[in-house]
Amino acid sequence: MEKELKLMKGNEAIAEAAIRYGADGYFGYPITPQSEILEYLMEADPEKSTGMVVLQAESEVAAINMVYGGAACGKKVMTSSSSPGISLKQEGITYIAGAELPCLIVNVVRGGPGLGTIQPAQSDYFQAVKGGGHGDYHLIVLAPASVQEMADFVGLGFDLAFKYRNPAMILSDGAIGQMMEKVELMPYQKRSEDLPSWATTGKPETRERNIITSLDLDPNAQEKFNQKLIQKYREIEEKETRYEEFQTEDADFIFVAYGTSARICQKAVQLAREEGIKVGLLRPVTLFPFPKRRLNQLADKVKVMMAVEMSAGQMVEDVMLSVNGKTKVCHYGRMGGMIPTPDEVVENLKQIIKGE
Amino acid sequence: MAEFNPKDIIKPENLVYRKSKVLTDNVMHYCPGCGHGTAHRTLAEVIEEEELQSRTIGITPVGCSVLMYNYLDIDMQEAAHGRAPALATAVKRLMPDRFVFTYQGDGDLAAIGTAETIHTCNRGENILILFVNNGIYGMTGGQMAPTTLLGMKSSTSPYGRDAATMGSPVKMADLVALLPGTCYVTRQSVHTAAGVRKLKKALKKAVEYQNKNMGTCFIEVVSNCPSNWKMTPVAANKWMEENMFPAYPLGDIKVPAGE
C-alpha cells in the first residue's frame, strides 16, 4: 500500500502508527489528555486485521505490568498515559529497565504536581530522562514536536528499544496529543513472527530455559549488571543523540527547546530576527541521550542560551551541565498548563540581553 | 548364596519414584518443613506428565518463592510484587497456545496484588493462578498478612490479629469464585501424601480447562510457615490442620458446569 496523507490528532497518529508498524500489543487505561489512543485502538480493533492485541487494563499499574509480561515474550508492546498515570507506571518501568526489556511508553504530559491540570505541560522532564523509578537506569526518550513525529516516533521508539533492549518513551504533551495536523502514514507492515532468543516463549529441548528477572541477590553480580547498563547508556549517547538546529550558524543567542516549546521558539526566532536579534534554536529530538556535545560546541560562540520549557526549569539543568560554565544559561517557562507565546519568549530574551 | 548388589535392582521396571525432569538440580532455599518445595515438585510433575515444558511460561511473585525460576526448568518471568496476573494476562493474550500460570503467596496475591487478582479473574483470563496461603509474610520475616488468622501473632501483630483494628482474614478463593470469569476454584494442601495427590489432580484439571479456554483457574494451597510460625515442621502441620483448615476449608469451591 502507498503512503497515505491524513488529518489526525497527535494521539490518533500514535495509535494508527502502532497498528501500521506491526505492534503486537497495546495495554492502556483512560486519562486525559491521551484517552484517544486507547479509544482509537479499540475502535480500529486491529486484532481482526493485524492480530495486534488491545486491552483496557484495570489501572496504569496493571497496564505497564502487562507490557512487562508481553515484552518478556519478545513482543512489541506499548502503553500510553499522562502524567499522574505515568507516575503510577514507574514501578513497572524500573522493572522493565532492570530486566532489560524493550517496550514503548507514551507520556502525553499535563501539568502537575498531583492531579494538576489536564492542560499541556513539560514538567515530567526529570521523571522521563533521569530514571523516574528507583535504581540507576535510563529510558530512551524521544520528544516529538508535530503530529508527524508522533507517528514516526512509534517505529523509531520500538526500533531503538529492541536495538538496545531498553524501554523507550515518547515524551509528548497535551498540545501535540490534541492538535490536528497533516500526517503522512507509513504503509502497513506485517507483524513479525520472529522472537528474540532471550524471550520467554516456552523452553524447547534445544536451549536452556530463559529467565526474565531484575533480581540479583549477589551484590558483586548486581554491580556488574549496573556497570553493563551504564555502558549501554554510554553507547546510546554515542550513537543515538538526535537534534535539529534552526538558524544557529550566525547566532549570538540560542533557544534550547523541545516539543511544543520548540515550535513556539521557531516563531520567536523569526520575530527576533525581524528586530535584528541574531537568535537560533536547538531542538533536542532525543532528551535521553541529550545533545550535550553539540550544546557544548555552540557555547563557544554564543552569549546566552535560553532554555524555554513549559515547566519551572528542568531541562535547563542539562543545558547547564552541557555547557559547563562556558556561557550564560537562563530559563524561561510557563507552568500549570499555560503555553508561552512567541512574543513573550522574545520579550524575555530582550530583557536578558538588556541585563548583559 | 550370591552376594547382593544394589546395582542389580536399578532397572527401569523397578522404578517407583524419580525427581521430575522439570525440576532442576539446584538446592532449594526453603526452610525445613515448608510447603513450597512440595508445591513446586507437584507442579513440575504435572508439567512433565502433561508434556507442557516446551509451551509453559510461568510467572513468579515477590515473596519466598521469588526464586522459583531457579528450581523449575521452564521459561519464567519474575514479576513485581502482586503484579504476576497482569504479566500473565499479556503473555496469554499474546501467546494463546502457551500454558501460562502464576505462582503467588498471600501477601503478593491478597494484599498488594488484590486489584490484579480480582480483575484478571473477572476478565476470565485463560491462566492458572496457583496461590500458596500460609497466613504470613515469610520472606520479610513473619509480618501479618491479609490471610493471617484472628488472634494469630506475627511481628506486626505481636498481640494477635485484632479484627477491629486489623481486619479479618481475606478468603480470596471464595471472593474470586463469585466472579463469572473463574471456571475452577479449589483449595488444596501439600502436607500429606493424599493432599499432594489431590493437588496434582486439581492441577491436571486446570491444564485441561486452560487447553479448552474455559476461563481462570484458581488453586489455593493452604500451607505452613514453620520458621515464622515459630514451630517445628510437625507442630506447624498440626497447627495448620487445627486452625488454618477451619478458616480455609479444603475442597472445590467452584467447578465448571457439568463437571
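Contact here means heavy atoms within 4.5 Å. In this predicted model, the contact between the two chains draws 36 residues from chain B and 34 residues from chain A. The size of an interface is often given as the accessible area lost when the parts come together. Between chain B and chain A, about 2700 Å² is buried. Carbon and sulfur atoms give 60% of that area. On the chain B side, the most area is lost to chain A by B:Tyr69, B:Asp75 and B:Leu94. Together these residues make up 23% of what that side buries.

Five salt bridges are counted between chain B and chain A. One salt bridge joins the side chains of B:Arg123 and A:Glu58, with an N to O distance of 2.8 Å.

Several elements of chain B build the side that touches chain A. Strand 1 (56–60), strand 2 (75–78), helix 2 (84–94) and helix 4 (114–123) of chain B each supply at least two residues. Helix 2 of chain B gives the largest share, seven residues. By residue class, this side of chain B holds 16 nonpolar, 10 polar and 10 charged residues.

Strand pairing also links the chains. Strand 9 of chain A, residues 211–212, pairs with strand 2 of chain B. The pairing is parallel and runs over two bridges. A:Ile212 has B:Gln77, in strand 2 of chain B, as its bridge partner. Strand 2 of chain B is also among the elements that supply at least two residues to the side touching chain A.

Chain B itself has nine helices and nine strands. Its radius of gyration is 19 Å, close to the 18 Å that the globule rule gives for 259 residues, so chain B is as compact as a globular protein of that length. The C-alpha trace of chain B spans about 75 × 45 × 35 Å along its principal axes.

A:Arg191 lies in the loop between strand 8 (180–185) and strand 9 of chain A, and A:Asp24 lies in the loop between helix 1 (10–21) and strand 2 (25–28) of chain A, so the pair ties together parts that are 167 residues apart in sequence.

Notes:
Residues numbered from 1 in each chain as written. Chains lettered and ligands numbered in written order. Predicted model: local features only at pLDDT ≥ 70, side-chain atom pairs only at ≥ 80, totals over all residues. Heavy atoms only, no water. Buried area = accessible area lost by both parts, 1.4 Å probe. Salt bridge = Lys/Arg side-chain N within 4 Å of Asp/Glu carboxyl O. Helix = DSSP H or I, 4+ residues; strand = E, 2+ residues; numbered from the N terminus. Nonpolar A, V, L, I, M, F, W, Y, C, P; charged D, E, K, R; others polar. Pairing = 2+ DSSP bridges. Rg over C-alpha atoms; globule rule 2.2 N^0.38 Å.
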